[in-house]
Amino acid sequence: MGHLLSSTLAFVTPESGGSPNANQISTLYEVILYVALVIFVAVEGGLVYALIKFRARKHAVPAQIRGNTRLEVGWTVAAAVILLGLAALTFASLGSIQNPPNSGPGGLELARGNGLQYASSERRLPPNGKALHITVIGRQYIWQFVYPGATEPDGLGAPYSYQEMVVPTKTTVSLDIVSEDVVHAWWIPELGGKFQAVPGYHNYTWFKIEKPGTYRGQCAFLCGRAHARMIATVKAVPPAQFEAWLAYQKQLIAQANAAAKVARARLNSQTGAGQVESP
Ligand SMILES: [Cu+2]
């Protein structure tokens with residue numbers, strides 16, 4: 001029974017376990033759910049009790065009460081107190097949902113503002129100002145992730161990956177979510193809430209993953225024909241492994257750029273149909 005209840009609750013409560021903000025959202029949801037559940041059971045229980053106890057077949061007539069000031073004031077005040085309590089709890093929890101904490105010991109070594117492309121008052125940073133900044137770009141129909149390490153102004157030359165975001169554990173990751181075409185929505189349920197990627201706007205969120213693992217999600221806003229294929233994965237690995245992966249990614253991009261340069265030169269030297277003109 002206890003197991004059935006907990007697995008049912010797990011089914012109806014938000015997914016969590018990956019990041020402190022997701023856990024905080026889930027806890028808040030559960031508290032409200034439990035309070036509502038107690039009230040639901042009490043009200044429905046009273047109703048069922050009255051239905052059975054005073055059913056017509058028994059000819060039982062309950063006390064006929066018309067107006068009871070104490071009772072009416074009682075349930076009004078009690079409901080208001082519960083509502084205020086839940087509102088206070090919600091506002092008290094908002095801070096830890098919206099504001100990222102510092103990276104933990106054992107996280108990636110970061111400099112202040114490391115990889116920050118755009119400063120914004122809407123972008124919340126940890127108290128010490130250090131986070132790994134990753135830009136999430138929504139595009140029909142694939143997610144692109146751009147990491148710090150731009151070699152040119154405007155973030156150009158930075159390492160990137162598609163579909164799978166690799167991040168270091170115990171490190172606060174700050175996301176800048178944008179779109180290049182239509183509205184998409186970034187959502188990895190176990191890592192926190194849903195955030196829209198809107199052309200022309202920046203949306204910010206964060207997560208901090210303690211243990212290595214893989215977290216799955218997908219575009220949560222119908223963005224076109226292949227919306228269902230627009231999946232995303234966040235893979236958390238130890239910081240040293242992240243740095244090795246990032247270095248490898250840079251190397252692959254450099255190789256591809258070098259190969260493209262050769263191909264471009266060859267095409268430029270060719271004549272005939274389909275010739276590419278020199279830029
Ligand atoms: Cu999409």
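This is a predicted model: local features need pLDDT of at least 70, side-chain atom pairs count only at pLDDT 80 or more; totals for chains, interfaces and linings use all residues.
Hi everyone. A residue counts as buried under 20% relative accessible area, as exposed over 50%, and as partly exposed in between. Proline 238 has 35% relative accessibility, so proline 238 counts as partly exposed.

Proline 238 sits in the loop between β10 and α4, and α4 covers residues 239-269. Where is proline 212 relative to proline 238? They are 26 residues apart along the chain, and their C-alpha atoms are separated by 6.6 Å. Valine 136 and alanine 111 are 25 residues apart along the chain, and here the C-alpha atoms are separated by 21 Å. Valine 136 belongs to strand β1, residues 132-139. Its relative accessible area is 0%, so valine 136 is buried.

Now for the copper ion. Which residues are its protein donors? They are His184 through ND1, Cys219 through SG, Cys223 through SG, and Met230 through SD, and they lie 2.0 to 2.6 Å from the copper ion. What is the arrangement of the four donor atoms? They subtend angles of 92 to 121 degrees around the copper ion, and therefore the arrangement is tetrahedral. The cut-off behind that word is that all angles must lie between 85 and 135 degrees.

If you follow the donors along the chain, their spacing reads H-x34-C-x3-C-x6-M. Histidine 184 is in strand β6, residues 184-186, while cysteine 219 is in the loop between β9 (213-218) and β10 (231-237), so this pair ties together parts that are 35 residues apart in sequence.

Are histidine 184 and cysteine 219 buried or exposed? Both of these residues are buried. For cysteine 219 the relative accessible area is 2%, so it falls in the buried class. Cysteine 223 has 5% relative accessibility, and so cysteine 223 counts as buried too.

A disulfide is a covalent bond between the sulfur atoms of two cysteines. How many disulfides does a search of the whole structure find? The search finds zero.

Next, salt bridges. Side chains of opposite charge can pair when their charged atoms come close. How many salt bridges does the count come to? The count comes to two.

One of them joins glutamate 180 and arginine 139, with the closest N and O atoms 2.8 Å apart. Glutamate 180 is in the loop between β5 (172-179) and β6, and arginine 139 is in strand β1, so to speak a link between distant parts of the chain, 41 residues apart. Glutamate 180 has 52% relative accessibility, so glutamate 180 counts as exposed.

The other salt bridge is between the side chains of lysine 170 and glutamate 210, at 3.3 Å from N to O. This pair also links distant parts of the chain: lysine 170 is in the loop between β4 (164-168) and β5, glutamate 210 is in the loop between β8 (203-208) and β9, and they are 40 residues apart. Lysine 170 is at 28% relative accessibility and so counts as partly exposed. Glutamate 210 has a relative accessible area of 41%, so glutamate 210 is partly exposed.

Lysine 170 brings us to the backbone. Its phi is near 55 degrees, a positive value in a residue other than glycine. Glutamine 163 has a positive phi too, near 65 degrees, and glutamine 163 is likewise a residue other than glycine. You will find glutamine 163 in the loop between β3 (160-162) and β4. At 31% relative accessibility, glutamine 163 counts as partly exposed, because that value is in between the two cut-offs.

Which peptide bond is cis? The one from glutamine 140 to tyrosine 141, with omega near 0 degrees. Tyrosine 141 lies in the loop between β1 and β2, and β2 covers residues 142-146.

Last stop, the surface. Leu47, Val48, Leu51 and Ile52 make a nonpolar surface patch of about 380 Å². Valine 48 is in helix α2, residues 20-53. Its relative accessibility is 43%, so valine 48 counts as partly exposed.

Definitions and conventions: Residues are numbered from 1 along each chain as its sequence is written. Side-chain values use heavy atoms; hydrogens and water are left out. Donors are N, O and S atoms within 2.8 Å of the metal (3.2 Å for Na, K and Ca); water is not among the atoms, so sites may look incomplete. Four donors count as tetrahedral if all angles lie between 85 and 135 degrees; four count as square planar and six as octahedral if opposite donors are over 155 degrees apart and all others between 65 and 115; anything else is irregular. Helices (H or I, at least four residues) and strands (E, at least two) are DSSP runs, numbered from the N terminus. Buried means under 20% relative accessible area, exposed over 50%, partly exposed in between (1.4 Å probe, protein chains only). Patches are made of residues with over 30% relative accessible area and no salt bridge: like charges are joined within 9 Å, nonpolar side chains (Val, Leu, Ile, Met, Phe, Trp, Tyr) within 5 Å. Accessible areas come from the Shrake-Rupley method with a 1.4 Å probe; for residues, only the protein chains shown count as cover. A salt bridge is a side-chain nitrogen of Lys or Arg within 4 Å of a carboxyl oxygen of Asp or Glu. A disulfide is a pair of cysteine sulfur atoms within 2.5 Å.
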